[in-house]
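Biologist: I have a new model open. Can you show me how to read the sheet, and then the ligand site?

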Amino acid sequence: MSGLLVEDETQFYCNAKTYWKNVPPTVDGMLGGYGHISSIDLSGSKKFLQRFLKDGPHKIGTSYALDCGAGIGRITKRLLLPIFKNVDMVDVTDEFLSKAKGYLGEDGNRIGNYFCSGLQDFVPEPSRYDVIWIQWVIGHLTDSHLVDFLKRCKSGLRSNGIIVIKDNMTQEGAIMDDVDSSICRDLDLVRRLIRHAGLAVVAQEKQENFPEEIYSVFSIAMR
Ligand SMILES: C[S@@+](CC[C@H](N)C(=O)[O-])C[C@H]1O[C@@H](n2cnc3c(N)ncnc32)[C@H](O)[C@@H]1O
């Protein structure tokens, strides 16, 4: 599908990189002017993740998480660091990772690595992570890069580990956004790409209480 929308892959990645270089390193910047929905988003994510932390045979560990397309660490600070002993962050914009060092405060000393890389090139270390969190960034990857990245993430999971994608979904089809150079896909398409990566969906939830005018946002957990 992205093959039809992305005429020039090099330009697609280059335009996104330029777009983000010009965005202020703030919560509002990370959320395109919707900074006020950050708390609702993080509460929803916490609730979504909690089900995997309950005692049971599939309980996830709490040693290490990876925040993908982490930006300044909005999610790392309020969702991941309170749960996991250590967190790695990966983002293509080095200015955001530099800002994260101050933004995270003292808890930032539990960040293992600040990886400056596009997810299309990033290779998570095998068997390292209990949770790999990928939020509001899959639109910046072509279909085949997303599938390949998810395959590498699968190898990056510890036993019982999960990958979570939380992102905007269209009602139907894929839509290109030329402003930030991203593709918004529908839920069926995202689930198809997940399947192609050899992953199975274990939970899915629509984020409630977001403004009417924005895309629907879904959390999807897989392993
Ligand atoms: C909408 S922001 C979301 C940031 C964070 N996930 C959050 O929810 O607060 C998108 C982030 O993706 C990063 N990004 C864009 N393209 C990327 C790519 N190809 N690989 C890794 N990060 C990318 C941007 O630098 C930016 O930090």
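**Reading the sheet and the ligand site**

Modeller: Start with the sheet: seven strands form an open sheet with mixed pairing, in the order 3-2-1-4-5-9-8. This is a predicted model, so local features need pLDDT of at least 70 and side-chain atom pairs count only at pLDDT 80 or more, while totals for chains, interfaces and linings use all residues. Residues are numbered from 1 along each chain as its sequence is written, and side-chain values use heavy atoms, with hydrogens and water left out.

Biologist: Which strands stand at the edges?

Modeller: Strand 3 and strand 8 (201-206) do. Each has a single partner strand, so one side of each lacks a neighbour in the sheet. From one strand to the next, the twist averages 15° (axes are lines fitted to C-alpha atoms, and angles run from 0 to 180 degrees between N-to-C directions).

Biologist: What counts as a strand, and what counts as a pair?

Modeller: Strands (E, at least two residues) and helices (H or I, at least four) are DSSP runs, numbered from the N terminus. Two strands pair if DSSP finds at least two bridges between them. In general, strands pair through backbone hydrogen bonds, either parallel or antiparallel. Here, strand 1 (residues 64-68) and strand 4 (residues 129-135) run parallel, joined by four bridges. Cys68 has Ile134 in strand 4 as its bridge partner. Strand 2 (residues 86-91) and strand 3 (residues 111-116) also run parallel, again with four bridges. Val90 stands opposite Phe115 in strand 3.

Biologist: What unit do strand 2, helix 6 and strand 3 make?

Modeller: A crossover is right-handed if, with the strands pointing away from the viewer, the path from the first strand over the helix to the second runs clockwise. Strand 2, helix 6 (residues 94-103) and strand 3 make a right-handed β-α-β unit.

Biologist: How many residues surround the ligand?

Modeller: There are 19, each with a heavy atom within 4 Å of it. The closest are Gly69, Arg74, Asp91, Thr93 and Gln135. Now look for polar contacts (N or O pairs within 3.5 Å; within protein, one atom must be able to donate a hydrogen and the other to accept it, and residues adjacent in sequence count only if both atoms are side-chain atoms). A polar side-chain atom of Asp91 is 2.6 Å from a ligand oxygen atom. A polar backbone atom of Gly69 lies 2.8 Å from a ligand nitrogen atom. For Gln135, a polar backbone atom is 2.9 Å from a nitrogen atom of the ligand. The protein covers 96% of the 590 Å² of accessible area that the ligand has on its own (Shrake-Rupley method, 1.4 Å probe).
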